[in-house]
Every structure is written in C-alpha cells, then in structure tokens.
Protein chains: 2
Amino acid sequence: MTERSQDTPADGERSRTLVESAYSSLRHEILSGHLKPGAKLRTEELRLRYKIGASTLREALTRLLGEALVTAEGQRGFRVAPISLSDFSDLTNVRKMIETEALRQSVLAGDEAWEGRVVAAFYRLSKVEERLAESAQAISNDFEQRNRDFHQALISACASPWLHRLNAMLYQQSERYRRISLVNRDVPRDVHAEHQAIYEAALVRDVERVCRLTGEHIDNTLSVVRQVLTRDAAVHEPKPGRSIRERTPAGKHAVEKI
Amino acid sequence: MTERSQDTPADGERSRTLVESAYSSLRHEILSGHLKPGAKLRTEELRLRYKIGASTLREALTRLLGEALVTAEGQRGFRVAPISLSDFSDLTNVRKMIETEALRQSVLAGDEAWEGRVVAAFYRLSKVEERLAESAQAISNDFEQRNRDFHQALISACASPWLHRLNAMLYQQSERYRRISLVNRDVPRDVHAEHQAIYEAALVRDVERVCRLTGEHIDNTLSVVRQVLTRDAAVHEPKPGRSIRERTPAGKHAVEKI
DNA sequence: GTCAAATAAAATTTCGAGATTTTGAGAATT
DNA sequence: AATTCTCAAAATCTCGAAATTTTATTTGAC
C-alpha cells in the first residue's frame with residue numbers, strides 16, 4: 001500500500017511536489033537557525049518529522065547542497081553547513097562586489113517602473129522598521145522579507161541574470177548569519193537611516209553614492225554579526241527538548257549552538 | 001531481489017556512491033555537448049542507460065540543478081539547461097569580474113609555491129597547445145583540462161573561498177560553451193600567445209596587466225563562441241524525421257544534436 | 001590495562017514498483 | 001474549423017524495504 005498522504009504543507013507553502021515543500025521547510029529551518037550550523041541531518045529522523053520517503057527527503061537535501069546550506073560527505077550523510085566568522089567575512093566582501101555592481105547597472109538603467117518598485121519597497125520596509133525597536137524577535141520574519149524586497153527592488157533594473165543569481169545566493173547566505181545573530185540578541189543600529197540614505201541616493205541616480213553607501217551598509221552588518229558571534233562563542237547552551245543528536249565536529253569554533 | 005550491481009564506473013571515475021558517479025557522467029555528457037541544450041532528460045531512458053534506480057538518478061539530476069546545468073519544472077521533469085548567446089555574453093561579463101578579482105588577490109598574495117604551480121601548469125598547457133593545431137577534436141579533453149588547471153593555478157593564491165566557488169561555477173558554464181563550439185567547428189586563434197602573455201605578467205607580478213590581459217582573453221572567447229553560435233543558428237534545421245519527441249524551446253538555435 | 005579484531009547496532013544509500021500527474025489523440029460540442 | 005472533453009498511454013514523483021557502509025560495542029590476545 002503506497003497511498004500518498006499529501007499532508008498539509010508545513011507552513012505557508014503551496015509548493016507542488018513533496019520534494020519542493022520539504023526543500024522549502026528545510027531551508028527555512030536552516031536560515032532561521034532552528035537547525036543548527038554543523039548539525040547532523042539524519043534522514044531517519046527528518047523522514048519521520050516530515051512524513052516523507054527516504055528518497056524524497058534526500059532529493060530535498062541535495063537541492064540545499066547546491067545553495068551551500070548543507071554539506072554532504074561520501075557515505076556519511078548530510079550536515080547543516082557550518083558557519084564561521086571567516087566565512088561571513090569572505091562572504092561579505094564578495095557580496096559587496098556583486099551587489100554593488102548589480103546596483104550600479106540597475107541605477108543607470110532604471111526606468112520609471114523601477115523607481116516605483118523602489119519607492120514601494122522602501123515604504124513597506126520603513127513601516128516595519130518603525131516597529132522594529134520593541135519586538136525585534138517577533139517581527140524578524142517580516143523585517144527580513146521586506147529588507148530583501150528592498151535590496152531586490154534596488155537592483156531590479158539590472159539586466160544581468162547571472163548577477164542576480166549570484167547575488168541571490170550570497171544574500172541568502174548572509175541572511176542566515178543575520179537571522180542567527182538576531183535570534184541571539186539584538187544589537188541596535190540605525191539601519192533605517194542607512195536604508196533611507198541609500199534610497200535617496202538611488203532616486204537621484206547618484207550611482208557612486210549609492211554604491212558607496214550600500215558597501216558601507218553591508219560592511220556594518222559584518223561588524224554587528226562579528227560582535228554577536230564572538231560574544232556567543234563562549235555562552236552557548238544545548239537546545240532543550242527532543243533535539244537532533246549530534247556531535248560537535250572537531251575543533252570548530254563554537255558557533256555551533258545558537 | 002535488490003542486489004547492488006556496482007558496475008564499473010563509466011570512465012575514469014572512482015566516485016564512492018552511485019549518485020556521485022551518475023552525477024559525474026551526466027555532467028560530462030552535458031559539458032561535452034553529448035546531451036544537447038534544452039533536451040528533455042527522461043528518467044526512464046537515463047535510468048536504463050546508467051543502470052541505476054529512479055531515485056538515484058533523480059538525485060544526480062538534482063545536483064546538476066544546483067550548478068545550473070539542468071533545469072527542472074514542477075511535475076514536468078528535467079531538461080538540459082538551454083544555451084543562448086545572451087546567456088554567454090552575460091556569463092562572460094560576470095566571470096570577467098570574478099576571475100579578475102580573484103586573480104588580483106592571488107597575484108598580490110602569491111608566494112613561491114604559487115609561482116611553482118603557475119610555472120608547472122603553464123608548461124603542461126603549452127605542451128598540449130603545440131598539438132592543438134592538428135587534432136583539435138581529439139585532444140580537446142586534454143586541452144580543456146590543462147586550460148582549467150592553468151587558470152586555476154593563476155588564482156590559486158587567492159584566499160577567498162567564495163570567489164573560488166563562484167569562479168568555478170562560472171568557469172564550468174563557459175567551458176560548456178567553449179566545448180560545444182569546439183565540437184562544431186574550430187575557429188583558430190592564437191590562444192597560446194594570450195596564455196603566454198598572461199603567464200609572464202603574472203610572474204613579474206604586474207597585477208594590472210595580468211587582469212587586463214585576462215579580461216581580454218575571456219572576451220576573446222566570447223567573440224569566438226559568438227561566431228560559431230550565430231553561424232550555426234542558420235545551418236540547423238528541425239529535421240522532419242519521424243517522432244520528434246523534442247520541441248525546440250522557443251527561439252533557441254537548434255544546437256540540439258551535436 | 002591496551003590494542004586490535006570481531007560483532008552488533010545504526011545510519012546511509014539504492015532499488016523498483018506503485019501512485020499521481022501530464023500529455024496527446026480522438027470524440028463531441030459550439 | 002476551432003474549442004472543449006474524455007480517457008488511455010507515458011512520464012514523473014513517491015514510498016519503504018533491502019543492501020551497504022559506517023560507527024559503536026564487545027571480545028580476545030598480549
């Protein structure tokens with residue numbers, strides 16, 4: 001008997017195939033930090049959790065492999081991709097280069113429709129930033145979404161699919177670091193002011209200024225994450241409840257636990 | 001009855017898992033152009049060809065998805081990623097940026113061991129380039145291998161894993177275009193002279209010159225591929241033979257069969 | 001007691017049949 | 001003729017047990 005159960009998709013996913021929804025769920029759990037960096041991903045446990053077959057789960061994990069959110073080794077299964085300060089530092093530099101270039105092209109090529117997207121995205125971002133001071137934790141999903149939309153809108157007039165592709169990948173990676181840092185503690189920073197400055201420079205088509213400000217903006221994120229990660233290296237605690245059993249891979253700096 | 005046959009790996013692959021060797025074989029077939037851009041990848045057929053299970057094949061294809069060598073849609077299976085002039089043009093620009101930056105860092109940071117790798121790789125490349133005139137087709141595998149090694153050696157002192165990762169991806173993509181062009185017809189170009197110029201500039205640590213030359217080098221490849229692709233766009237005709245299971249994706253030049 | 005081989009337990013990988021969906025050819029309707 | 005409907009063939013997607021490998025534990029020799 002092999003009836004497809006077609007269980008209700010975990011969250012708000014309406015992906016068609018089971019692989020796709022498992023992929024979405026797993027990605028969300030990794031990005032949000034619920035699945036911890038370096039953690040072993042045992043097929044058996046995940047299989048039961050998501051109520052899917054072994055191959056289906058395996059395929060979902062393989063997709064994440066291509067996005068560098070999980071690692072895979074020989075006959076030793078999958079792990080959540082580890083994080084490290086040096087990785088994030090590297091990531092930040094490369095992302096600065098890519099996003100800046102995309103931005104340059106976009107601001108130069110942007111038409112009226114582009115302006116409209118930027119204005120709209122900035123407005124929505126501002127709204128959520130107002131509420132960010134109090135309940136940083138609660139609305140971090142909202143904020144991340146709109147922050148991504150804003151950055152995306154800014155470069156949306158860039159005509160290069162490859163720049164978009166690479167940028168999306170790097171942005172997702174850095175989003176992971178940001179969210180992991182956010183969950184731990186929130187380091188205040190006037191991120192709204194930075195966004196506003198970028199926004200205004202974009203609309204007056206001051207390319208050099210937009211690029212410079214965005215570069216600094218990205219760098220500031222590095223600073224914040226650096227603070228959190230170095231501080232947490234000492235503090236961490238094992239997660240309560242039925243958690244995925246795991247061994248800390250040898251010699252990694254202890255950003256393992258969130 | 002589920003015995004593992006562990007058939008001899010296709011070529012020189014000694015990958016551990018079946019997924020890995022299927023992945024390698026498929027990648028090679030796509031890069032070499034044996035599997036044509038845009039072609040449908042029917043699981044049934046491939047399954048029989050490689051003598052592996054459905055899920056195993058599926059996982060191998062999913063890996064290629066992450067490298068943008070295949071595309072996948074909903075419940076409609078996999079296809080070899082299509083190619084186009086505009087894609088290659090875009091690819092070339094982005095790759096120029098990435099590889100140039102990696103090169104800059106590498107030449108600045110390169111130590112004696114780096115010099116050694118560059119010298120060795122250049123020597124091996126030169127050897128194969130001597131023979132390139134006659135049997136371009138026959139030794140294209142050799143040439144591509146050593147060409148990749150040479151470019152890799154040049155940037156091997158770059159300390160950024162992300163630059164390496166992105167560069168590897170872009171290089172592989174452009175390799176695909178180069179090989180497809182090569183198989184069709186060979187457009188002569190004094191590629192050896194270009195390599196030599198880059199080589200010499202690298203060894204005397206003339207960063208700006210290395211980057212400029214490499215940029216031009218990459219651009220030249222674009223020109224060559226452009227010639228071949230535009231020429232072939234006309235030559236090919238949808239063969240009216242029986243049972244065209246294959247719809248040429250809209251407006252693509254028909255590089256289906258090589 | 002220590003080290004290594006043997007054995008047991010656990011986890012990963014693979015298979016292929018069956019469930020589901022898409023496709024396309026012909027019938028029926030407008 | 002063009003569009004929609006029907007339904008069978010073909011293809012994709014999913015499952016879970018079986019095969020294989022890795023990891024942990026025990027046993028045995030020195």
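Contact, in this talk, means heavy atoms within 4.5 Å. Helices (H or I, at least four residues) and strands (E, at least two) are DSSP runs, numbered from the N terminus.

What you see above is a predicted model, where local features need pLDDT of at least 70, side-chain atom pairs count only at pLDDT 80 or more, and totals for chains, interfaces and linings use all residues. Residues are numbered from 1 along each chain as its sequence is written, chains are lettered from A and ligands numbered from 1 in the order in which they are written, and side-chain values use heavy atoms, with hydrogens and water left out.

I start with chain B. Two packed helices are described by the angle between their axes and the distance between the axes. Axes are lines fitted to C-alpha atoms, for helices over the stretch in contact, and angles run from 0 to 180 degrees between N-to-C directions.

Take helix H6 (residues 140–154) and helix H8 (residues 191–203), both of chain B: their axes are 11 Å apart, at an angle of about 20°. H6(B) is therefore roughly parallel to H8(B). Angles under 35 degrees count as roughly parallel, over 145 as roughly antiparallel, 65 to 115 as roughly perpendicular and the rest as oblique.

Which residues meet here? From H6(B) come B:Phe143, B:Asn147, B:Phe150, B:His151 and B:Leu154, and from H8(B) come B:Val191, B:His195, B:Ile198, B:Tyr199 and B:Ala202. By class, this contact of H6(B) with H8(B) has seven nonpolar, three polar and no charged residues. Ala, Val, Leu, Ile, Met, Phe, Trp, Tyr, Cys and Pro count as nonpolar, Asp, Glu, Lys and Arg as charged, and the others, Gly among them, as polar.

H8(B) has another partner, helix H5 (residues 112–130) of chain B; the two axes come within 11 Å and cross at roughly 165°. That makes H5(B) roughly antiparallel to H8(B). Among the residues in this contact are B:Trp114 and B:Phe122 of H5(B), and B:His195 and B:Tyr199 of H8(B). The contact of H5(B) with H8(B) divides into nine nonpolar, four polar and two charged residues.

Now chain A. Helix H1 (residues 18–31) of chain A packs against H3(A) at an angle of about 55°, with the axes 8 Å apart. H1(A) is therefore oblique to H3(A). By class, the contact of H1(A) with H3(A) has ten nonpolar, one polar and four charged residues.

Last, the DNA. How many residues surround DNA strand C? There are 28, and the closest are A:Arg16, A:Arg58, A:Gly74, B:Leu18 and B:Ser55. A residue is near a strand if one of its heavy atoms lies within 4 Å of it. The surface near DNA strand C has seven nonpolar, twelve polar and nine charged residues.

A backbone N or O atom of A:Gly74 lies 2.5 Å from a phosphate oxygen of DNA strand C. A polar side-chain atom of A:Ser55 lies 2.8 Å from a base nitrogen of DNA strand C.

Terms used
A polar contact is a pair of N or O atoms within 3.5 Å; within protein, one must be able to donate a hydrogen and the other to accept it, and residues adjacent in sequence count only if both atoms are side-chain atoms.
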